[in-house]
Amino acid sequence: MWWRSASFIMDRQQNEAALKGDTVAPTDSSISNPNPNPNPMTSAYYETRAAHHGVVTSDWLAQAQAAIGPDPDPLPQLRPDPDKPFSVINEFNSWRKQPHLAEAVAAIRALAAVIRSSQATTMMQLEIELKKASDSLKSWDATSISLTAGCDLFMRYVTRTSALEYEDLNSAKSRLIERAEKFGEISYKARKVIAMLSQDFIFDGCTILVHGFSRVVFEVLKLAAQNKKLFRVFCTEGRPDRTGLRLSNELAKLDVPVKLLIDSAVAYTMDEVDMVFVGADGVVESGGIINMMGTYQIALVAHGMNKPVYVAAESYKFARLYPLDQKDLAPALRPIDFGVPIPSKVEVERSARDYTPPQYLTLLFTDLGVLTPSVVSDELIQLYL
């Protein structure tokens with residue numbers, strides 16, 4: 001149905017903005033469009049990468065950011081115990097106890113605390129201290145892509161300012177704390193921005209297939225339910241940890257019609273599905289994603305049946321990785337309970353995630369804007385430079 005396609009929705013957003021004559025200040029992530037669409041009859045979605053990037057990230061993103069307000073659900077500040085020596089791991093674990101806080105955001109908050117508690121007497125000492133703390137957090141779970149990417153982006157964002165070279169230590173430290181807090185707030189608000197950006201793609205009467213439990217996908221569906229949209233959701237079981245059961249329970253509390261599927265029933269039910277929504281453990285340089293096991297086969301089935309596959313992922317999950325196949329991934333093993341004894345001679349595949357190449361993905365909803373997979377490499381360059 002062309003009026004529900006990604007290209008039509010984005011063109012409609014652009015045309016509505018043009019009719020209203022709205023002018024919105026460009027955001028940090030938006031860039032000027034060096035290749036304006038010379039043919040208004042041609043969908044902007046199929047123009048060059050730069051042109052498409054300009055279409056989907058300027059006023060649309062600004063409207064979503066303005067809609068969530070300056071501080072949705074303010075995050076409580078942790079008070080350090082003066083009787084205990086500071087430990088970045090302990091600080092990280094304290095933030096992780098917040099029920100709705102992502103692991104990467106907890107790491108970002110912990111690194112900000114490192115700056116506040118530092119007794120360094122030079123900027124070099126402070127940067128070394130930050131680097132050691134970042135390495136400690138990354139080694140806490142070496143298989144977590146979002147944790148590693150979040151720490152790397154924090155280090156790049158906080159220390160990437162030439163003003164530090166010309167300021168005294170106290171002023172430089174204050175600037176670092178300010179930038180650290182800003183980065184933490186941006187990361188904390190990411191889910192709200194993504195939820196706002198995705199709403200035009202969820203239409204009344206649609207059926208959405210989701211896989212496992214993703215906080216940001218749940219935020220998207222929760223906002224759609226609060227906006228009184230009528231839709232139903234198919235939740236896969238999400239083995240081996242069965243996180244789909246948790247998502248189905250949460251959606252049922254919102255009175256959203258839910259059907260729970262075993263993972264092997266995806267192809268059987270795909271003809272009833274209008275779109276697939278998945279989260280991501282990491283977004284890689286190719287524009288593909290690394291996510292829980294089974295995402296790749298769902299995307300393959302959806303692609304074969306011409307169903308759009310949408311990814312909801314925060315920008316702190318953008319990682320400098322370029323896997324070529326499934327075996328390029330660092331192993332993330334999970335125990336699997338089959339309910340019956342397994343002979344020792346039987347080998348069990350215990351990998352918990354797979355890689356989905358970009359050609360099987362339609363759009364990525366991020367706090368940087370709505371991106372095609374081909375634009376991800378451009379965004380990664382801007383994030384890490």
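Trainee: Is Arg109 buried or exposed?
Mentor: This is a predicted model, so treat the values as computed. Buried means under 20% relative accessible area. Arg109 has a relative accessible area of 3%. Arg109 is therefore buried.

Trainee: Which side chain meets Arg109 in a salt bridge?
Mentor: The N to O distance is 3.0 Å. Arg109 sits in helix α5, and its partner sits in helix α8, 76 residues apart. The partner is Glu185.

Trainee: How many salt bridges does the structure hold?
Mentor: Glu185 with Arg109 is one of them. Asp152 with Lys138 is another, at 2.8 Å. That pair links helix α7 to helix α6. The total for the structure is 10.

Trainee: How many residues apart in sequence are the parts that Arg232 and Glu272 tie together?
Mentor: Their side chains meet in a salt bridge at 3.2 Å, N to O. Arg232 lies in strand β2, while Glu272 lies in the loop between α11 and β4. So the bridge ties together parts whose separation is 40 residues.

Trainee: What accessible area does the nonpolar patch of Phe338, Val340, Ile342 and Val346 have together?
Mentor: Val346 lies in the loop between β7 and β8. At 45% relative accessibility, Val346 counts as partly exposed. Together the four residues have about 360 Å².

Notes. Residues numbered from 1 in each chain as written. Predicted model: local features only at pLDDT ≥ 70, side-chain atom pairs only at ≥ 80, totals over all residues. Heavy atoms only, no water. Patch = residues over 30% accessible without salt bridge, like charges linked within 9 Å, V, L, I, M, F, W, Y side chains within 5 Å. Areas by Shrake-Rupley, 256 points an atom, 1.4 Å probe, with all protein chains shown as cover. Helix = DSSP H or I, 4+ residues; strand = E, 2+ residues; numbered from the N terminus. Buried < 20%, exposed > 50% of the residue type's maximum accessible area, 1.4 Å probe, protein only.
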